[in-house]
Amino acid sequence: MVRLPFRDTYYELRPSKIIALAKNYAEHAKEMESDVPEKPVFFLKPPSALIGPGDPIILPRMSRRVDHEVELAVIIGKRAKRVPAEKAMDHVMGYTIMLDITARDLQAEARKKGLPWTIAKGFDTFAPVGPRIVDRRELKIDDLEIGLKVNGELRQLGRTSQMVFKVPELIEYISSVMTLEPGDIIATGTPAGVGPLRHGDHVEAWIEGIGKVEFDVLSEGSILC
């Protein structure tokens, strides 16, 4: 559970699932040496991966390369099952920033063997969110700047208008497969520029209209039990 500011209070974010979109920005698909999909491609991250501002991103010993991916996150507010695109936004509570942290070497190994990406995407701390949730009625998400810096160096910069599949389409498609529950998170994909994180790095991610969220990066071996 992560508590984030929402309206004049706080919202306890307890998703039953985190749904993340793959290759939903054409330039990111290109840098991953992949084609843009004809239909949305999504995978699940466990709720146990969720952390909030002030918590560190932990680099697991199992991986030699862990990458950042900044994404617009959609928070579901009302149960959604087989919802048509024209009614999809009625089921959205608001928006925040999420980083889809990825063990890239483990993902590459899984892709080569035709295996799921669960391990690469599912480590604890691999779904940082924040700094707040913005009510959907207060923000138009059609064309917002989205970006990320590591140690002050610009790594990712794009606009939400570059999404291949827009949020209503995503909700329609996902809810035709699985029921979306209040508090569930849809991470809508990342722009190009993903890259590695190392012990001691400081990450800043932002989306226009939502704000900026910051995380420190630590190696698993540096954490005292």
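Me: Is D100 buried or exposed in this one?
Reply: In this predicted model, D100 is buried, its relative accessible area being 0%.

Me: And what does D100 form a salt bridge with?
Reply: D100 forms a salt bridge with K45, and the closest N and O atoms of the two are 2.7 Å apart. K45 is buried as well, with a relative accessible area of 2%.

Me: Where do K45 and D100 lie?
Reply: K45 belongs to strand β4 (residues 41-45), whereas D100 sits in the loop between β9 (92-99) and β10, so the pair ties together parts that are 55 residues apart in sequence.

Me: Which residues are linked with them in a network?
Reply: The network of salt bridges links K45 and D100 with R65, D67, E69, R104 and K121.

Me: How many salt bridges does the whole structure have?
Reply: A search of the whole structure gives 18, including one between R155 and E153 at 3.9 Å, N to O. R155 counts as partly exposed at 22% relative accessibility, and E153 also counts as partly exposed, at 46%.

Me: Switching to strands, what is the order in the open sheet of three?
Reply: The order is β10-β7-β15, with antiparallel pairing, and the edge strands are β10 (102-103) and β15 (195-197), each of which pairs on one side only. Strand β7 (residues 66-68) is joined to β15 by three bridges, and H68 has G195 in β15 as its bridge partner.

Me: What about β1, which residues are on its covered face?
Reply: V2, L4 and F6 form the covered face of β1 (residues 2-6), while R3 and P5 make up the uncovered one. Strand β1 pairs with β2 (residues 9-13) in the antiparallel sense over five bridges, and the bridge partner of L4 in β2 is Y11.

Key:
Residues are numbered from 1 along each chain as its sequence is written. This is a predicted model: local features need pLDDT of at least 70, side-chain atom pairs count only at pLDDT 80 or more; totals for chains, interfaces and linings use all residues. Side-chain values use heavy atoms; hydrogens and water are left out. Buried means under 20% relative accessible area, exposed over 50%, partly exposed in between (1.4 Å probe, protein chains only). Helices (H or I, at least four residues) and strands (E, at least two) are DSSP runs, numbered from the N terminus. Two strands pair if DSSP finds at least two bridges between them. A salt bridge is a side-chain nitrogen of Lys or Arg within 4 Å of a carboxyl oxygen of Asp or Glu.
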